[in-house]
Amino acid sequence: MKNKAITPKSRKRLNHYSAWKYVVLVVTVIILTLSAIPTWFGEKPAIQIQVPEKKVFNTSIQTLKHSLEEQGVPVLSVTEQDNQISLLFDNESDQTHARNLLNKQYSEESIAYSYQSVAPQWLSNLGMNPIKLGLDLRGGVQFLLHVDVDKALQEQQLTMVEDIRAHLRQNSIRNVQVRVSSGDAITVNVRDSKAQQQLIEYVRTHFPDWQISAGSNGFNLTQNEQNRTALQSSIVQQNLQIMRGRIEELGITEAMVQRQGADNIRIELPGVQDPAQAKNVIGATASLAFYEVKGGSSAYSRQNLVLQDNDGRSVVLDNRPVLTGEHITNARSGMDEMGMSEVNITLDHAGGKKMSDFSATHIGKPMATVYREYQTNAEGVTERSERVISVATIQSQLGSQFRITGAGSMQEAQELAMLLRAGSLTAPVTIVEERTIGASLGAENIQNGFAALAFGMGMTLLFMAVWYRRLGWVANVALCTNMLCLLGLIALLPGAVLTLPGIAGLVLTVGMAVDTNVIIFERIKDKMREGRSFAQSIDAGFDSALSTILDANVTTMITAVILYSIGNGPIQGFALTLGLGLLTSIFTGVFASRAMINLIWGQDARREVRV
């Protein structure tokens with residue numbers, strides 16, 4: 001019997017990548033390069049005018065451009081698409097001047113600040129946009145706000161006391177005292193055991209988060225620490241959302257609003273050079289409430305509220321409002337038949353039902369609109385001030401839409417409408433820090449930062465080309481690819497912002513990317529000293545260096561994640577660039593470099609090669 005020849009298993013082919021790996025490499029580099037190109041072209045300040053669909057432009061866009069240029073405002077370009085006019089300017093000062101002029105022709109609600117890419121349009125059509133620049137690079141304004149959570153908790157306690165008193169009046173329960181005592185507790189003094197049990201059941205039903213404990217003449221209501229902490233977090237989060245709405249109403253599209261610490265909010269407004277309007281809107285705590293006006297001899301009782309109107313006259317109101325500002329979903333300023341400013345109010349479903357029910361039973365009776373705001377006195381204590389801005393007789397049953405007058409001038413009516421659209425704050429805020437960075441300083445930061453990056457990268461490329469010769473040129477190609485991929489990745493990620501510390505992260509990435517190649521090349525040299533061929537040394541060098549590279553990058557990535565999670569602003573910008581740079585460094589330093597070396601020297605069987 002003939003012995004069958006035993007064929008050995010096919011050996012592993014040295015330094016070979018499958019075709020799909022090259023496809024993934026090429027496609028990834030192309031996509032990230034296209035994403036990085038718009039950053040090279042940059043952005044210019046722009047103004048976008050949104051016009052209602054049914055409205056026809058009374059002037060052409062070219063006429064609008066010439067009109068601005070005649071008034072000393074040069075316009076780089078003007079386009080019209082989907083009922084929106086976009087005007088491009090060379091700098092922020094021209095942008096601000098143009099908006100002041102356009103406010104006379106269009107309503108402020110339809111005009112928005114923005115930045116527009118000057119890259120070819122086909123890149124924008126592909127969704128490729130420039131990297132968003134942080135405050136220190138673009139210039140603008142930064143605010144640090146303190147949320148007075150304690151004041152909001154006090155307001156909640158007073159509201160709760162009023163609810164309990166209203167329940168007592170509705171059920172004719174007498175000889176009961178309800179007040180806020182020290183230590184954030186509510187004391188209920190009641191001697192009748194039946195009435196006490198009824199009140200306890202009412203509190204358990206309507207205020208389940210409050211704990212009931214026995215008192216000397218009744219019982220006490222306190223809030224446990226867990227519920228209090230949750231309420232504080234909820235108050236700050238609600239204020240955060242309202243701040244974002246207010247900034248959107250200002251027409252600033254690239255603002256950053258973040259929570260900082262337990263009760264602070266940090267707001268960055270890139271590109272805003274005049275902080276006055278932003279400060280007035282962000283720091284404002286205005287809201288509206290509607291009250292029934294009381295009259296007759298029993299009006300001035302301690303259960304009623306007495307406020308002053310704009311002329312200093314006293315107006316007696318019911319202690320509980322008919323409706324508060326939280327039900328307002330939309331507000332627009334306008335002019336009435338007499339040429340006076342007015343604010344047109346739209347309510348949500350619940351608010352519309354409340355107003356409808358109240359007005360149906362109070363036709364022919366007056367209703368007051370109360371303007372409420374918080375102010376900080378000289379001692380730093382937040383105080384609430386209220387005044388009656390209008391008293392109107394209800395002529396018919398009202399619904400979810402009606403109008404109010406007495407808001408002041410047209411500008412004041414516009415500001416009030418804007419605040420009402422964005423929502424009233426659940427707690428008063430105080431601006432504790434304000435920082436302004438000029439556009440020229442931001443441009444200088446960009447110039448200096450990228451000059452440092454170019455110098456560091458140039459010196460690194462020179463060193464690698466001289467020291468590692470042919471392999472050094474591969475490392476240089478990988479390093480340039482790494483920078484393109486990193487910039488493209490930052491541009492692709494939503495919410496990613498490049499800051500001055502982020503540019504420092506780019507410079508650091510240059511060193512880390514070269515580090516990867518240095519480790520690999522030194523391993524290749526070691527293997528060649530052992531007498532292996534160039535191809536064998538390449539294969540063994542990459543394999544033995546991979547674990548070291550991964551260990552070093554994983555430990556650095558942990559640091560980047562920690563910096564990003566606990567840091568804010570510039571620290572997060574640095575951590576983001578550092579973390580993304582680690583990913584692109586591994587991709588280009590290991591994967592891309594190996595692909596190039598495989599194609600050029602992967603099958604070189606020489607045992608003496610100078611590298």
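1. Helix α7, buried side: Ala 195, Leu 199, Ile 200, Tyr 202 and Val 203 are the buried residues here (buried means under 20% relative accessible area, exposed over 50%, partly exposed in between, with a 1.4 Å probe and protein chains only). They sit on the same side of α7, because they cover an arc of only 160° around the axis, taken from the directions from the helix axis to the C-beta atoms. This is a predicted model, where local features need pLDDT of at least 70, side-chain atom pairs count only at pLDDT 80 or more, and totals for chains, interfaces and linings use all residues. Numbering runs from 1 along each chain as its sequence is written, and side-chain values use heavy atoms, with hydrogens and water left out.

2. What covers the buried residues of α7? The cover includes α6 (149-170), β7 (176-181), β8 (185-190), β9 (210-214) and β10 (218-223). Helices (H or I, at least four residues) and strands (E, at least two) are DSSP runs, numbered from the N terminus.

3. Over to Thr 577, which belongs to helix α16 (residues 570-601). Thr 577 is buried, at 2% relative accessible area. Beyond its neighbours within four places in sequence, Thr 577 is in contact (heavy atoms within 4.5 Å) with Leu 486, Ile 490, Leu 498, Gly 502, Gly 505, Leu 506 and Thr 509.

4. A polar atom of the Thr 577 side chain lies 3.0 Å from the backbone oxygen of Gly 573. As for Leu 489, it is 88 residues from Thr 577 in sequence, yet 9.8 Å away in space, C-alpha to C-alpha.

Conventions
A polar contact is a pair of N or O atoms within 3.5 Å; within protein, one must be able to donate a hydrogen and the other to accept it, and residues adjacent in sequence count only if both atoms are side-chain atoms.
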